[in-house]
Amino acid sequence: MKLNVMVVDDSAVMRAMVKKSLSLCGIELGEVVEAANGVEALEKLASSWVDLALIDVNMPKMNGEELLNHIREDEATVPLNVIVISTEGSETRISRLKSKGARFLRKPFSPENLGNQIREMLGETHGDGSGNQALPVSGPDF
Amino acid sequence: MVSATKLLVVGMADAKHSREPGQTLVTYALGSCIALVIYDPVAKVGGMLHAMLPQSSIDPAKAEVHPAVFVDTGVPLLFLESYKLGAKKERLVVKVAGGACTHGDPEKDMFQIGKRNVLMLKKLLWTNNVPLAASDVAGTESRTVFLDLETGRIRIRTPRGEHEL
Amino acid sequence: MAMDLETKLYQSAARTFEEVCFLLTLREPGPELPAASEREIGVRIGFDGVFHGALEITCPASIAEHLANSMLGGDKPTAQQRQDAFGEISNVITGNLLPSIAGDKLVFDVTAPATLEGQQPLPWGPSARVRLRSDEGPIDLVLYIEDYDLGARS
Ligand SMILES: [Mg+2]
């Protein structure tokens with residue numbers, strides 16, 4: 001199954017890094033949409049099908065925690081898979097996010113961390129550990 | 001076991017490839033050097049690089065003659081040569097070992113060659129869209145690395161024992 | 001022995017530069033005030049919780065360019081991406097640093113990183129100052145914490 005992913009982060013550079021990591025982590029990707037804050041994310045959620053949302057915490061307009069609250073309050077988005085990707089270091093806030101049905105991935109993260117989180121979330125096994133996965137070939141150098 | 005197969009030794013500042021299922025690539029006693037190991041499980045093509053220093057800019061003339069000395073010239077070489085044997089980039093499983101701090105105390109290691117080697121490697125892989133499937137780096141122990149060309153399995157031997165990567 | 005604030009700042013920063021930008025940084029023993037030419041790019045990020053304050057990071061433009069380039073994976077960054085990348089780095093450093101000072105139970109709100117250009121100097125003196133040395137050049141970090149009894153918590 002191809003996974004439609006929404007990347008929510010106020011930093012365009014971080015969104016680019018998350019997208020690059022997604023393309024490298026061995027997940028079959030469908031459409032990837034971006035949003036720069038919670039308000040934009042809710043708009044995108046209303047207009048496109050998203051299987052998984054990767055959400056930053058510190059954002060202007062509407063932060064990740066508020067966004068998660070909105071997602072869990074709306075019938076249409078309650079079951080959405082959410083991974084919070086953040087520099088958040090407070091266990092108190094992290095458990096609060098987890099209690100709302102989100103997974104947590106600490107920045108900085110590697111494509112492998114991200115892939116494992118997604119596979120765990122979708123209830124798949126980690127595979128045989130061979131790291132054997134389909135990847136787009138796009139590197140200029142090798 | 002190793003004794004049943006033919007060992008193909010990858011020396012320091014060297015890169016070797018093979019697609020003979022009976023062979024095992026091996027490099028001995030990595031300290032701050034790194035071994036980058038790539039394997040295509042479909043074509044059963046494997047390669048191993050034993051690089052010593054992160055950056056060729058310190059001696060471009062040497063890099064010209066011996067690209068495998070440096071991580072930034074050795075890594076492209078390792079990949080490009082594997083393609084000639086039938087490996088495909090999108091199938092390659094990429095793992096790294098080494099980059100130890102052989103002086104014992106990392107705080108006192110002024111040059112941190114091991115760490116620099118690993119950082120350069122990760123930067124190259126990120127830039128070239130290659131995921132790293134596994135790594136066993138840093139620490140203070142020396143490592144000997146085996147790649148079984150039949151299975152693609154990698155074993156690491158340290159003074160404390162052996163484990164799979 | 002409790003780790004001093006500067007060591008915590010150094011470790012949070014070094015780890016971030018390695019993991020986010022693949023850049024090795026070492027701590028300069030006695031940091032002097034950076035020359036203006038070495039402070040071309042700057043970012044300030046504020047935090048507010050049991051104590052409040054800010055972190056400022058400055059470096060030459062060429063380093064900021066290098067950092068953004070590493071994060072993007074080779075694409076040449078625009079000026080905006082350079083500032084954005086630098087802000088995100090400050091965000092990650094702050095996220096590492098706060099729990100190392102205050103423990104991981106307390107909650108902090110962290111402001112969006114903003115360029116230092118044209119900003120008022122902070123009303124407090126620095127609580128910690130660290131200069132990093134890298135192959136690309138120097139990077140300076142200054143941490144400000146208001147009314148914080150460093151001795152009691154470090
Ligand atoms: Mg943010």
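Trainee: What makes a side chain count as positive or negative in chain B, and how far apart do the centres of the two sets lie?
Mentor: Lys and Arg count as positive and Asp and Glu as negative, while His and the chain ends are not counted, and on that basis chain B has 20 positive and 17 negative side chains. The centres of the two sets lie 2 Å apart, with the place of a charge taken as NZ of Lys, CZ of Arg, CG of Asp or CD of Glu. This is a predicted model, in which local features need pLDDT of at least 70 and side-chain atom pairs count only at pLDDT 80 or more, whereas totals for chains, interfaces and linings use all residues; side-chain values use heavy atoms, leaving out hydrogens and water. Residues are numbered from 1 along each chain as its sequence is written, and chains are lettered from A and ligands numbered from 1 in the order in which they are written.

Trainee: How do you know that the radius of gyration of chain B agrees with that of a compact globule?
Mentor: The rule for a globule is 2.2 Å times the number of residues to the power 0.38, with the radius taken over C-alpha atoms. For 165 residues this gives a value near 15 Å, and chain B has 15 Å, so the two agree. Along the principal axes, the C-alpha atoms of chain B fill a box of roughly 45 × 35 × 25 Å.

Trainee: Which elements make up chain B, and in what order do they run?
Mentor: Chain B holds 3 helices and 10 strands, where helices (H or I, at least four residues) and strands (E, at least two) are DSSP runs numbered from the N terminus. Their order from the N terminus is β-β-β-β-β-α-α-β-α-β-β-β-β. Taking contact to mean heavy atoms within 4.5 Å, residues 24 or more positions apart account for 63% of the contacts in chain B that have a separation of 6 or more.

Trainee: Why is B:Thr73 called partly exposed?
Mentor: Buried means under 20% relative accessible area and exposed means over 50%, with partly exposed in between (1.4 Å probe, protein chains only). B:Thr73 has 24%, and is therefore partly exposed. This residue lies in helix H2 (residues 71-84) of chain B, and, leaving aside neighbours within four places in sequence, B:Thr73 is in contact with B:Ser56, B:Ala63 and B:Pro67. B:Leu7, in strand S1 (residues 6-9) of chain B, counts as partly exposed because its relative accessibility is 37%. The C-alpha atoms of B:Thr73 and B:Leu7 are separated by 25 Å, and those of B:Leu7 and B:Ile34 by 19 Å.

Trainee: Why is A:Gln117 called buried?
Mentor: The relative accessible area of A:Gln117 is 15%, so this residue is buried. A:Gln117 is found in helix H5 (residues 111-121) of chain A, where the buried residues also include A:Leu114 and A:Ile118. Not counting residues up to four places away in sequence, A:Gln117 touches A:Ile83, A:Arg103, A:Phe104 and A:Leu105. The buried residues of H5(A) pack against several elements of chain A, among them strand S1 (3-8) and helix H1 (12-24), together with helix H3 (113-127) of chain B.

Trainee: What makes a residue a donor to the magnesium ion, and which residues coordinate the ion?
Mentor: Donors are N, O and S atoms within 2.8 Å of the metal (3.2 Å for Na, K and Ca), and water is not among the atoms, so sites may look incomplete. The magnesium ion is coordinated by A:Asp10 (OD), A:Asp56 (OD) and A:Asn58 (O), at 2.1 to 2.3 Å, and the spacing of these donor residues in sequence is D-x45-D-x1-N. A:Asp56 counts as buried because its relative accessibility is 1%, and A:Asn58, with 14%, is therefore buried.

Trainee: What makes the phi of A:Lys61 worth noting?
Mentor: Most residues other than glycine have a negative phi, and most peptide bonds are trans. A:Lys61 is not a glycine, yet its phi is positive, near 70°; this residue lies in the loop between S3 and helix H3 (64-73) of chain A and, having a relative accessible area of 74%, is therefore exposed. B:Ala29, in strand S3 (residues 23-30) of chain B, likewise has a positive phi, of about 50°, and its 48% makes it partly exposed. As for peptide bonds, a cis bond joins A:Lys107 and A:Pro108, with omega about -5°, and A:Pro108 lies in the loop between S5 and H5 of chain A.
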